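The sequence and structure come first, and the notes follow.

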Amino acid sequence: MKVSVIITYHGEQAFLSDCLISLKEQTVKPDEIILVNIDGQEADLTACDLEIKSVTCSENNIYQARNMGIKAAEGDYILFLDADDYLMPEAIALLNDEIEKEGPANLVAKVRQTWYSRKFFMDKIAEEEEESDQDEEDSEENPEEEIHEVTGKVFQDADTRRLFGGTKSDMQNISILGILFNLENLKKQEIYFPEDMEYFGDGVFLAKVLNSKFKFNYLHDDLVYIKRKHNDPVNLPSLLQCKDKWKFMEFSLAFKEVVGVMDQETKDSYLRFFAYKYIKYVNRNFLEELAQGKDDEAKGNGIGDRTTKPYKKKEAVAFMLEAVKLIPDSPEFKSMTSGYYYKIYRLLKDENLSKALKLHINTNRKNVLKQLLTKRSKLKRFLYKKFFAKMKLQENLVMLESFFGKNYSDSPKYIFEYLNEKHPGEYKYVWVRSTRKLDLPYKAKQVKRFSLRYFYAMARAKYFVFNGRQPVYFIKRKGMKFLETWHGTPLKKLVFDMDDVTTASPLYKRDFYIQASKWDYLVAPNAFSRDIFSHAFMYNGDYLETGYPRNDIFYLSDQEKEKRIREIKDELGIDQNKKVILYAPTWRDDEFYGHAQYKFTLRLDLDRLREKFGQEYVIVLRTHYFIADQLDVSAYEGFAYDASRYDDIARLYLISDILITDYSSVFFDYANLRRPMLFFTYDLEKYESVLRGFYFDVKEELPGPMLFDNDEIIDAIENIDQVSEEYKDKYDRFLDKFCSWEDGTATQEAVEVVFEGKALSPKK
Ligand code: C2G
């Protein structure tokens with residue numbers, strides 16, 4: 001048998017190479033590859049040396065493109081492959097074998113969704129397999145999800161569930177991806193996709209194939225098709241992520257067409273599954289929209305907005321009622337729709353829209369009330385939105401937050417202190433804290449993050465000064481000013497410059513976009529960062545080209561610095577006569593327990609370091625604020641100090657004679673002290689190629705040596721003067737590029753603009 005793969009391409013060049021490589025690496029190659037360029041988009045095919053037949057579809061329509069693929073195909077079977085997806089290496093071989101074994105059929109294979117690129121995904125799969133070899137149970141932390149793995153009474157057997165995309169309401173979840181279709185049957189029965197549709201054509205196509213009575217078989221065990229979820233719905237929303245009001249209208253049309261193409265026997269077997277999805281969709285989207293009384297214009301955060309065809313609400317209502325009428329009231333349908341959906345269905349079938357709407361609203365209210373009574377977090381957000389955010393803004397209230405309230409540190413700390421010194425009594429302050437209370441030198445209220453008092457402050461403070469990100473649902477009220485100080489010059493690629501989002505939150509890009517659009521000022525430590533922030537954050541607001549307020553401390557007088565060093569060493573219990581090595585690594589995106597809960601394993605050999613340098617040095621260990629693992633230094637008393645929970649890392653820099661770090665932005669700040677730095681980059685390859693990638697060539701530009709094991713670390717410390725000498729030129733160039741805006745006045749300049757109304761002064 002011959003298999004034709006039909007790729008539909010719509011400008012997803014960033015993803016296409018994964019798709020092509022997955023074909024190139026098939027253990028059994030497809031007999032034919034057809035690439036349909038939608039909307040005339042030209043694809044770069046260099047990632048694959050297999051023969052590819054290109055076809056051009058001049059319209060911007062996926063269904064027309066797929067139909068062109070069907071017409072061009074010459075195999076016995078076809079497999080559709082979206083250009084942003086990819087196949088497992090054994091895919092074609094498995095499909096082939098099964099057809100050979102079981103005879104002609106449409107073959108439904110296993111599909112999995114992922115947020116990741118092929119390389120990262122394959123590594124994860126390999127890890128999973130290794131894990132499941134040791135432990136049969138699947139890891140719960142795996143953010144991948146098997147499509148269609150939904151249980152319940154609606155789709156009682158796994159095969160039907162797979163075919164209809166589980167119980168999710170959207171008919172877009174009914175997908176023909178991962179199904180091998182018998183081409184002769186399609187051609188004989190003239191089965192094509194509906195070209196007047198944008199979103200729901202798969203369902204119609206599937207209904208036609210089901211009606212052709214050509215057998216469906218199922219491949220249960222092995223994964224075949226990998227469907228990639230777009231992590232950047234801002235720049236490249238997938239059809240599922242598009243918000244288009246036309247979707248609702250089209251769903252009614254599609255549903256009618258589904259009913260229309262089925263004969264009685266097919267209807268008896270399958271119609272209720274489509275109908276179930278339709279009623280759920282009507283309830284969730286359409287009735288909800290009517291209930292909220294929104295006007296015809298699409299509203300929202302502007303992400304993924306698309307307007308295909310305008311229509312009137314009245315028209316849509318009429319279409320919907322007609323479509324519902326086509327659903328036969330069978331006992332099977334009644335039993336699968338449960339009480340509520342069945343009632344909605346009955347009311348709509350009787351054209352009693354107002355009663356259906358009332359039922360929808362009342363049920364929703366009851367659900368909301370139940371949630372408010374049982375979930376405190378929901379109640380707080382409700383009060384925030386409905387009441388607090390409508391109260392008067394407090395003109396002199398400043399809310400501050402550093403590292404999600406974990407400590408009193410970073411630029412917000414220095415802005416707070418400066419404001420108190422320069423404008424005593426003029427402002428009131430609220431500091432956000434996490435679990436422990438902050439030790440503040442001036443009067444301020446402290447609110448625990450996500451407590452009711454936090455929401456209250458969030459609604460009323462005119463100023464918000466912070467170095468991370470505010471909650472996505474933070475309402476930026478008129479008159480509010482957001483001063484985002486951020487927390488480091490970027491080395492690791494950030495947000496929109498990252499291809500893969502390998503962190504715990506795959507919706508990072510979308511959320512970031514919403515958050516950054518609310519900032520008024522963003523502090524830029526240097527021109528390099530400013531330029532990167534503008535594309536990596538897609539930020540269009542004003543920059544404070546001041547350097548970092550947190551770095552002013554390095555420009556105090558030598559005498560003042562000496563005084564502080566003595567204080568800090570005393571505070572930490574460090575011998576005044578010992579020199580200090582600070583080890584401050586960053587976090588690893590792919591090693592986490594959960595959101596903002598990352599793992600860390602210490603690779604420094606403390607025994608050897610103590611043996612070698614214990615007389616002269618102590619070592620201060622400082623993990624990143626995302627790290628949940630605690631270090632145990634109890635066996636190294638008097639030599640190793642765990643300062644991971646110490647408030648302000650700038651004070652640790654001040655007492656350190658040598659910094660050891662890796663890919664953390666700490667070194668951009670530390671450089672201001674002009675002291676030696678070593679880079680312990682034991683996982684460079686993974687970090688660079690799989691995780692993030694860097695903004696510059698670290699081998700060329702780092703102002704110190706990259707070291708890969710403890711031998712090299714020890715050697716470098718032993719010869720630190722020689723190392724400094726060797727890196728002198730690089731250090732100077734580094735200072736020039738990253739620290740030239742720093743002169744000890746950043747805090748003052750930032751306050752002048754944000755609080756005193758002075759004009760911005762760009763550094764250029
Ligand atoms: N930090 C710290 N202790 C560490 C590492 C970092 O206190 N062991 C603080 C430093 O102030 C540092 C900031 O956290 O500048 C940011 O840490 P990074 O390691 O650079 O990582 P990340 O939080 O991902 O910041 O543009 C900023 C960076 O690119 C991203």
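## Backbone with positive phi

Glu190 sits in the loop between α6 (183-188) and α7 (201-211); helices here are DSSP runs of H or I with at least four residues, strands are runs of E with at least two, and both are numbered from the N terminus. Its phi is near 55 degrees, a positive value in a residue other than glycine. Glu190 is exposed, at 61% relative accessibility. In this report, buried means under 20% relative accessible area, exposed over 50%, and partly exposed in between (1.4 Å probe, protein chains only).

Asp410 also has a phi near 55 degrees, positive in a residue other than glycine. Asp410 belongs to helix α14 (residues 410-422) and is buried, with a relative accessible area of 3%.

## Basis of the values

The model is predicted: local features need pLDDT of at least 70, side-chain atom pairs count only at pLDDT 80 or more, and totals for chains, interfaces and linings use all residues. Residues are numbered from 1 along each chain as its sequence is written, and side-chain values use heavy atoms, with hydrogens and water left out.

## Ligand site

The ligand is surrounded by 22 residues, and the closest are Gly488, Thr586, Tyr625, Ser664 and Ser665; a residue is counted if one of its heavy atoms lies within 4 Å of the ligand. By class, this shell holds 10 nonpolar, eight polar and four charged residues. Ala, Val, Leu, Ile, Met, Phe, Trp, Tyr, Cys and Pro count as nonpolar, Asp, Glu, Lys and Arg as charged, and the others, Gly among them, as polar.

Polar contacts are pairs of N or O atoms within 3.5 Å. A polar backbone atom of Gly488 is 2.7 Å from an oxygen atom of the ligand. From the side chains, a polar atom of Lys492 lies 3.0 Å from a ligand oxygen, and a polar atom of Tyr625 lies 2.7 Å from a ligand oxygen. Taken alone, the ligand exposes 600 Å², of which the protein buries 98%. Accessible areas come from the Shrake-Rupley method with a 1.4 Å probe; for residues, only the protein chains shown count as cover.

## Salt bridges

The whole structure contains 38 salt bridges, each defined as a side-chain nitrogen of Lys or Arg within 4 Å of a carboxyl oxygen of Asp or Glu. One of them joins Asp305 and Lys243 (3.9 Å, N to O). This pair links distant parts of the chain, 62 residues apart: Asp305 is in the loop between α9 and α10, and Lys243 in the loop between β9 (216-228) and α8 (246-261). Asp305 is partly exposed at 37% relative accessibility, and Lys243 is partly exposed at 35%.

Arg530 and Glu545 meet in another salt bridge (2.9 Å, N to O). Arg530 lies in helix α17 (residues 527-536) and Glu545 in the loop between β16 (542-544) and α18 (558-572), so the pair ties together parts 15 residues apart in sequence. Both residues, Arg530 and Glu545, are buried. Arg66, Asp82 and Asp202 are linked in a salt-bridge network.

## Surface features

Pro310 lies in the loop between α9 (264-292) and α10 (313-325) and is exposed, with a relative accessible area of 75%. Pro310 and Trp246 are 64 residues apart in sequence and 6.9 Å apart in space, C-alpha to C-alpha.

Leu379, Phe382 and Phe387 form a nonpolar surface patch with about 250 Å² of accessible area together. Patch residues have over 30% relative accessible area and no salt bridge; like charges are joined within 9 Å, and nonpolar side chains (Val, Leu, Ile, Met, Phe, Trp, Tyr) within 5 Å. Leu379 is in helix α13 (residues 376-386) and is partly exposed, with a relative accessible area of 32%.

Note on methods. Polar contact = N/O pair within 3.5 Å; in protein donor to acceptor, adjacent residues only side chain to side chain.
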